[in-house]
Amino acid sequence: MLKHSIVLGKLKTSISLEEVFWAELKAIAKRDGRKMPELIGEIKAGITDGCGLSSALRCYVLNDVMVECARWGGRPGGQDARTKFIDC
């Protein structure tokens, strides 16, 4: 698990997140033509159940991977989502 510092609005925030989740967040932001602070800020704004930001980010990534798997019948490029997370 690594700590990542990011500025959301005017506040510097530290996020503890496994590298596989951070890499996937970066890929999602790139795919959607967004910057990481914008994507993370949107996810943070959507937290309604009191869970922490790191947990919300993991759930967001998992949901995105599941949607992509359903769309492509597996991971684009031939990588199955289940094997993507085995390296955690």
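Here are a few friendly notes on this predicted model, going from the overall layout to the core.

1. Overall layout. The protein has four helices and two strands, arranged along the sequence as β-β-α-α-α-α. Of its 88 residues, 35% are buried. The accessible surface comes to about 5800 Å², with carbon and sulfur atoms contributing 56% of it.

2. The hairpin. β1 and β2 run antiparallel and are joined by seven bridges. Two residues lie between these strands, and Gly-9 in the turn has a positive phi of about 70°.

3. Helix α1. This helix has 13 residues and spans 18 Å from its first C-alpha to its last, close to the 18 Å expected at 1.5 Å a residue. Its buried residues are Val-20, Phe-21, Trp-22, Glu-24, Leu-25, Ile-28 and Ala-29; do note that Glu-24 is on that list. After α1 comes Gly-33, with a positive phi near 65°.

4. The nonpolar core. The largest nonpolar core holds 20 residues, and those touching the most other members are Ile-15, Leu-17, Trp-22, Leu-25, Met-36, Ile-40 and Leu-57. Two or more residues come from each of β1 (2–8), β2 (11–17), α1 (19–31), α2 (36–45) and α3 (53–72).

5. A closer look at Leu-17. Leaving aside residues up to four places away in sequence, Leu-17 touches Met-1, Leu-2, His-4, Trp-22, Leu-25, Ser-54, Leu-57 and Arg-58.

6. Contacts along the chain. Among contacts between residues at least 6 apart in sequence, 43% join residues at least 24 apart.

Notes: Residues are numbered from 1 along each chain as its sequence is written. This is a predicted model: local features need pLDDT of at least 70, side-chain atom pairs count only at pLDDT 80 or more; totals for chains, interfaces and linings use all residues. Side-chain values use heavy atoms; hydrogens and water are left out. A nonpolar core is a set of buried Ala, Val, Leu, Ile, Met, Phe, Trp, Tyr and Cys residues joined through side-chain atoms within 4.5 Å. Buried means under 20% relative accessible area, exposed over 50%, partly exposed in between (1.4 Å probe, protein chains only). Contact means heavy atoms within 4.5 Å. Two strands pair if DSSP finds at least two bridges between them. The expected span of a helix is 1.5 Å times one less than its number of residues. Accessible areas come from the Shrake-Rupley method with a 1.4 Å probe; for residues, only the protein chains shown count as cover.
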